[in-house]
Amino acid sequence: MKTYSPKPEHIERSWYVMDASGQVLGRLASEVATLLRGKHKPIFAPHMDTGDHVVVINADKVELSGNKAQDKFAYRHSGYPGGITGIRYADLLATRPVAAVEKAVRGMLPKNRLGRQQIKKLHVVAGPEHPHAAQMPVELAVGQRPAWSGLPAAKPAPAGRSRTETTAPPSREKEGAAESEGRSKTKERPASSAGPKSSAKKRAAAKPAAKEQAAATSGAKRSTASKTSAKKTSAKKPAAKKPAAKKPAAKKTTAKKPAAKKPAKTEE
């Protein structure tokens with residue numbers, strides 16, 4: 001069996017009205033928090049906001065049990081050192097009953113952005129009248145659970161063109177018809193009226209042939225000159241001859257002449 005996870009299209013927001021006259025503040029806050037979180041629905045999930053809107057009327061007639069009106073304090077802090085202030089609940093209910101109910105309900109919701117989203121569905125009014133009659137809220141007593149009507153019906157998909165109609169390429173017959181229309185438009189162009197412009201065009205077309213021949217010959221000469229210059233530039237230069245390596249000169253051998261023998265001295 002797979003675990004069910006609620007989807008956004010399965011969540012419907014209903015509106016309920018609860019009368020706080022003669023109710024204990026803590027008991028009222030717990031019932032309102034249950035409706036805001038959506039714990040009265042079988043599709044409840046702690047990570048999603050599946051709850052409904054709740055309108056609390058007659059908040060100035062809420063009560064506290066025991067001696068809490070004199071012994072209990074509502075504290076707030078400004079964020080600066082020594083910035084804590086407190087007020088008795090008897091004074092808070094007498095001056096700001098809406099803040100007292102909102103503070104009690106906010107303390108029973110998650111302390112994260114999910115809780116900040118859920119508290120926006122709470123609408124507290126000090127008197128018996130509220131400005132949410134257009135939403136047609138249902139009256140609900142403290143401790144009563146609203147009936148579950150089931151998941152909403154799936155909405156039908158919007159009717160649109162099929163893929164074959166939108167992506168089908170144009171037929172060849174249509175292409176041929178478009179080409180024929182274009183050709184007929186080119187053929188049906190109006191003929192230019194005879195006037196000074198047409199006579200000037202004829203005169204310009206009837207230039208002497210000598211000028212045309214001269215231009216052709218000059219163009220031919222230029223082309224031949226460019227070809228010859230290209231050939232000259234493309235001709236390869238003769239490679240420079242490398243100087244021949246000099247052979248080492250042979251050493252001259254000087255033959256030593258034999259020394260002349262001195263004649264021997266004769267004794268007398």
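Colleague: Let's start inside: is Asp49 buried or exposed, and what is its relative accessible area?

Modeller: Just so you know, this is a predicted model: local features need pLDDT of at least 70, side-chain atom pairs count only at pLDDT 80 or more, and totals for chains, interfaces and linings use all residues. Residues are numbered from 1 along each chain as its sequence is written, and side-chain values use heavy atoms, leaving out hydrogens and water. Buried means under 20% relative accessible area, exposed over 50%, and partly exposed in between (1.4 Å probe, protein chains only). Asp49 counts as buried, with a relative accessible area of 7%.

Colleague: Which residue meets the side chain of Asp49 in a salt bridge at 3.7 Å, N to O?

Modeller: A salt bridge here is a side-chain nitrogen of Lys or Arg within 4 Å of a carboxyl oxygen of Asp or Glu. At 3.7 Å, N to O, the side chain of Asp49 meets that of Arg13.

Colleague: How far apart in sequence are the parts that Asp49 and Arg13 tie together?

Modeller: Helices (H or I, at least four residues) and strands (E, at least two) are DSSP runs, numbered from the N terminus. Asp49 sits in the loop between helix 1 (25-37) and strand 2 (53-57), while Arg13 is in the segment before strand 1 (15-19). So this pair ties together parts whose separation is 36 residues.

Colleague: What sequence separation does the pair of Arg145 and Glu31 span?

Modeller: The side chains of Arg145 and Glu31 meet in a salt bridge at 2.7 Å, N to O. Arg145 lies in the loop between strand 6 (138-139) and helix 6 (163-167), and Glu31 is in helix 1, so the parts tied together have a separation of 114 residues.

Colleague: Of Arg145 and Glu31, which one is buried?

Modeller: Arg145 has 42% relative accessibility, so it counts as partly exposed. At 12%, the buried one is Glu31.

Colleague: How many salt bridges does a search of the whole structure find?

Modeller: Side chains of opposite charge can pair when their charged atoms come close. Searching the whole structure for salt bridges gives a total of four.
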